[in-house]
Amino acid sequence: MMPLDNGARQKRFVLLAYPPGCPFHFHAMPNQFIEVLADIPFPTDERKMHVVSGVLELTGQDESGIFYRLKAASPS
């Protein structure tokens, strides 16, 4: 989980295939992450597992370079 805003709770974040600081994976490909847009803010504790449900959308690689987006995300 990589938060996109400042704060202890996030409504918008990215789920990555690899940790952000991984020295072996410098550039994430568009199919290796999902942008999550949550209805309820999530805590940014990376040590805790969160189960998330929502509507998975295939964007068709929009101008932001994102292939996948999970909308209306909420804890399950």
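Residue A72 is placed in strand β5, which spans residues 68-75. In this predicted model, A72 has a positive phi of about 55 degrees, although the residue is not a glycine. The relative accessible area of A72 is 41%, and the residue is therefore partly exposed, as this value lies between the cut-offs of 20% and 50%.

Aromatic contacts were examined next. A pair of aromatic rings is described by the distance of the centres and the angle of the planes. Two aromatic pairs were counted in the model. One of them is formed by F13 and F42, with 5.4 Å from centre to centre and 75 degrees between the planes, an edge-to-face arrangement. F13 belongs to strand β2 (residues 9-16) and F42 to strand β3 (residues 33-43), so this pair ties together parts that are 29 residues apart in sequence. F13 is buried, its relative accessible area being 2%. F42 likewise counts as buried, at 3% relative accessibility.

The rings of F67 and Y68 form a further pair, with centres 6.3 Å apart. Their planes stand at 90 degrees, so this pair is edge-to-face, because planes over 60 degrees apart are assigned to that class. F67 has a relative accessibility of 23% and counts as partly exposed. Y68, at 29% relative accessibility, also counts as partly exposed.

Terms used: Residues are numbered from 1 along each chain as its sequence is written. This is a predicted model: local features need pLDDT of at least 70, side-chain atom pairs count only at pLDDT 80 or more; totals for chains, interfaces and linings use all residues. Side-chain values use heavy atoms; hydrogens and water are left out. Rings of Phe, Tyr and Trp (its six-membered ring) pair if their centres lie within 6.5 Å; planes under 30 degrees apart count as stacked, over 60 as edge-to-face and the rest as tilted. Helices (H or I, at least four residues) and strands (E, at least two) are DSSP runs, numbered from the N terminus. Buried means under 20% relative accessible area, exposed over 50%, partly exposed in between (1.4 Å probe, protein chains only).
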